[in-house]
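Here is a short note to read beside the model. Please keep the structure open and find each residue as you go.

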Amino acid sequence: MRGAWEAALAAAAAAPVTLVVGANDTGKSTLVTRLAGVLAGAGHTVGVVDADLGQSDIGPPTTVGLGCVSRPLERLADAKVVALEFLGVTSPATCMQQTADATGRLVRRALAAGCDRVLVDTSGLVDGPFGRALKRLKIDRVTPDVLVALQRGAECEPILHAYADRPRPSIVRLPAAPTHRRTAAARQQARQRALEAHLAGAVPVTLDLAQLSARPALAKRGLAVIEVEGALVGLQAGDGATLGLGWVRTLDA
């Protein structure tokens with residue numbers, strides 16, 4: 001395991017962009033946290049893009065987040081949040097393309113802001129046509145220099161195969177970390193706690209509907225009736241950057 005870690009660190013230290021893939025509970029976030037801390041300690045300006053909508057550590061669930069790491073971390077959630085892209089869902093099932101596009105935009109934003117090393121953490125969807133298509137979309141939008149795969153067996157090989165004969169990304173394979181596997185219920189509870197923690201300090205804000213352009217979240221498109229009061233919403237600037245999240249208390253049309 002030590003040799004695998006050293007290989008991953010050497011590859012990430014030599015490349016501007018590293019993307020990590022693997023199934024649920026294989027140690028992706030732990031690896032990204034450790035890599036980010038070591039690279040920051042070595043003097044690099046490190047950006048981390050968290051592209052796991054359901055189990056996000058940088059920013060709340062329903063978002064793709066960009067964080068800045070300037071020192072060793074115990075948790076990825078301790079990274080300084082620099083930017084968020086609110087997609088309004090916790091599963092990329094309804095927004096594969098949008099999730100991949102948001103991930104690519106935040107990687108480019110990190111590079112433009114002066115990060116000389118960018119690490120991308122991804123969701124645990126790697127199996128089946130959907131999981132493989134999602135990962136390939138993210139890889140193609142990010143165009144990483146290094147692709148690190150954490151595997152229990154060979155579950156990532158169908159994804160890696162598409163890039164095996166290309167000059168980049170270079171591929172580093174690591175054994176999955178011996179972590180505890182969480183149930184679907186435990187994951188849902190973790191999402192709820194993370195969202196509540198993010199909104200714990202929220203204050204009431206009144207917005208003029210005449211000054212806003214509203215659109216439904218991706219999962220709600222095509223529905224004739226949308227429940228607004230009590231809905232989770234994201235406030236975006238004109239350039240698409242997410243300014244913040246909140247709950248709708250009341251709507252006066």
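1. Start with Cys95. This is a predicted model. In it, Cys95 has a relative accessible area of 0%, so this cysteine counts as buried. The cut-off for buried is under 20%.

2. Now turn to Cys68. Buried, partly exposed or exposed? Cys68 is partly exposed, because its relative accessibility is 28%. That category lies between the 20% and 50% limits.

3. Next, the disulfides. A disulfide is a covalent bond between the sulfur atoms of two cysteines. How many does the structure hold? The count is zero. Take Cys68 as a case: its nearest cysteine sulfur belongs to Cys115 and is 5.5 Å away. A disulfide needs the two sulfur atoms within 2.5 Å, so Cys68 is in no disulfide.

4. Look at Asp121 in strand β5, which covers residues 117–121. Asp121 is buried, yet it has no salt bridge. Which side chain of opposite charge is nearest to Asp121? That is Lys28, at 5.4 Å. A salt bridge requires the nitrogen and the carboxyl oxygen to be within 4 Å.

5. Stay with Asp121 and check its surroundings. Leaving aside neighbours within four places in sequence, its contacts include Val20, Ser29, Val32, Val49 and Leu76. Lys28 is also among them, as are Asp50 and Asp52.

6. Leu212 sits in the loop between α6 (184–198) and β8 (232–236). Its relative accessibility is 38%, so Leu212 counts as partly exposed. Leu212 belongs to a nonpolar surface patch, whose members include Val203, Val228 and Leu251. Together, the patch residues have about 790 Å² of accessible area.

Definitions and conventions. Residues are numbered from 1 along each chain as its sequence is written. This is a predicted model: local features need pLDDT of at least 70, side-chain atom pairs count only at pLDDT 80 or more; totals for chains, interfaces and linings use all residues. Side-chain values use heavy atoms; hydrogens and water are left out. Patches are made of residues with over 30% relative accessible area and no salt bridge: like charges are joined within 9 Å, nonpolar side chains (Val, Leu, Ile, Met, Phe, Trp, Tyr) within 5 Å. Accessible areas come from the Shrake-Rupley method with a 1.4 Å probe; for residues, only the protein chains shown count as cover. Helices (H or I, at least four residues) and strands (E, at least two) are DSSP runs, numbered from the N terminus. Buried means under 20% relative accessible area, exposed over 50%, partly exposed in between (1.4 Å probe, protein chains only). Lys and Arg count as positive and Asp and Glu as negative; His and the chain ends are not counted. Contact means heavy atoms within 4.5 Å.
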